[in-house]
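Q: Could you show me how to read a helix and an interface in this model?

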Amino acid sequence: MRFFNGRDPERIRLFLAKAFLLFVILGLLVVEKRKGAFPIVNWQMFSYLLSPFPESTTSEFEFHAITADNRKVILNIYPFYPFGREIVARGIVHGAFSPEKNAEQQYEYQRALWAMVNRAVPGRNINEIEVWRTEWEVDPLATPPLDLNNPTQRVLVGRLGQNPQPIGGGR
Amino acid sequence: MKNLFFHAHRSIDRWLLHSESNAAGRVGLFRILYAVFFLWHLSDYTPANLHELPNEMNTPIRLNDWLPADPPVWFYEGVGGILAAGLVLLMFGYRTSIATAIVAVFGVFMESLMSSADSELSSVFVSAYIPIVFLICGDWGATWSVDAVLRRRAGAAAVELADASPRFVLPIHALQVILVALYVGSGIFKVLGWERWIGQEHFLGNLMLYHRIEAYVREIMVNPIALLVYHYPIIDLTGRVVVMVFELTFFMTLFNHRLRALYVSAALIFHAINGAWVLVTFTSVLIVYGLFVDWHALAVRFRLNTLPDIQLPSGILRVFVLTTAVVFGALWNRTPAVHTLFTFGGTIDPRVIWIPLGPIAVAWFALTLWRLSLDLQTWKRARTAAIS
């Protein structure tokens, strides 16, 4: 590049650093809250979050992976993705058994659910996966706020066979 | 007006190029720390897992417009494997410029794939800004590296570890500017979203109660102050105002290294509280704060002035490093054991890492505050002497 010919390398570094900083700062001003411009992304850090009082019930999913030798491996939602990213796993479960999805969409989610659980149970041949939802009554201001050993209900959300097609279940 | 512009321009250059203690030594050690950190980050959330996600869960990222709708799994695995190999080369500091380029390109690419499915904004430093800045204006392979050993053997003069040339200080200051821009931007968003951030009564209290319930369900450490914050709205409001003011005034780190240390240690305390108690982990940003620590001074305290003398012939050393990188990259998606090297079998997750760092950050904050007070006393005495 003719512009850089004969110039001090340290001055070139300084020029490139300033050009990059200008690009990033102008980019941050332009993209605002949009996330699609990665790596130019702003940190909103809860600026627009709604924070209501917690509800009087809470629920969590549980996965029963039934292996070829008829053993049951019980998993909670946490081993599939890193800490704080369980939202991805919950999204997959919702999509897999949601009546709002069409058959093709459900199939994609179920395939993802199957792959996700298989990944967490390496080396085992899984024949069937059951997804359960456990619900508890919560008093957010009490200590403890819930009794883990006394859920108010446990519901079978759905079942998947080896070739992900729902094989029955309820809500 | 023209004079003002040139004066401002020269001031910016002077600031970008101002000295840092042990600059050459500290960026060399930071390079090793960065590579290990990124490998740990990658272990916990490898891009191959994204292949299983439904297309509907993807949000468009401009950088990936050219990709087909459903790339095959080997594509995701390839990106992860090449990035891992590049990080191993970077860790050793062999062909550092090429390794930095590999990490920059594949790091940005990998994170853009992750962001499509699961946006985690704190990763922007570890995967994009750090390698890009060092690629375009830094030289973190000059010290604490195989490249440095090979250059010395070839007869080149060793780089002084206290060298504060632009190639060592520029990346630190450029990344500091980006960090300031993001923090101040976050503060400005809070001002613009005043009704939500300040206007919602019990904002922090409700958030803490919500995550307290989650902690009980997960059977992990519970936030001990959630009920206190909820029952005393003044604590809640004070916390929110302090966070907003902290973010808006983060530019103060540009004026003085002591203020920088104060703000960085406060930021670490903030992240540690969020990670440990509010269960909100912003962990991948942790590495950027490492730029502001004089790792070389710490190494000297442990009697490590330089890399130990490597007894391998240069040819074998090159082959060893390259083979390690290639094998590591090839095994990255094949062997879970490779991942567990960095996470200690899953023990060190994005939350647990903050638990020991919290007390260290508190100690650092207290020490910096004490030193600042000494600086202020010295300044007052000097001013009094000057007046009299």
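A: What covers the buried residues of helix 16 of chain B includes helix 2 (23-44) and helix 15 (314-331) of chain B, where covering rests on contact, that is, heavy atoms within 4.5 Å, and helices (H or I, at least four residues) are DSSP runs numbered from the N terminus. This is a predicted model, in which local features need pLDDT of at least 70, side-chain atom pairs count only at pLDDT 80 or more, and totals for chains, interfaces and linings use all residues. Residues are numbered from 1 along each chain as its sequence is written, chains are lettered from A in the order in which they are written, and side-chain values use heavy atoms, without hydrogens and water.

Q: Which residues of helix 16 of chain B are buried?

A: An α-helix has 3.6 residues a turn, so residues three or four places apart point the same way. In helix 16 (residues 336-343) of chain B, Val338(B), His339(B), Phe342(B) and Thr343(B) are buried, meaning under 20% relative accessible area, with exposed over 50% (1.4 Å probe, protein chains only). Seen down the axis of helix 16 of chain B, these buried residues fall within an arc of 135 degrees, so they line one face of the helix, the arc being that of the directions from the helix axis to the C-beta atoms. On the other side of helix 16 of chain B, Pro336(B) and Leu341(B) are exposed.

Q: What area is buried between chain B and chain A?

A: The size of an interface is often given as the accessible area lost when the parts come together. Here about 6,600 Å² is buried between chain B and chain A, summed over both parts with a 1.4 Å probe.

Note on methods: Helix = DSSP H or I, 4+ residues; strand = E, 2+ residues; numbered from the N terminus. Buried area = accessible area lost by both parts, 1.4 Å probe.
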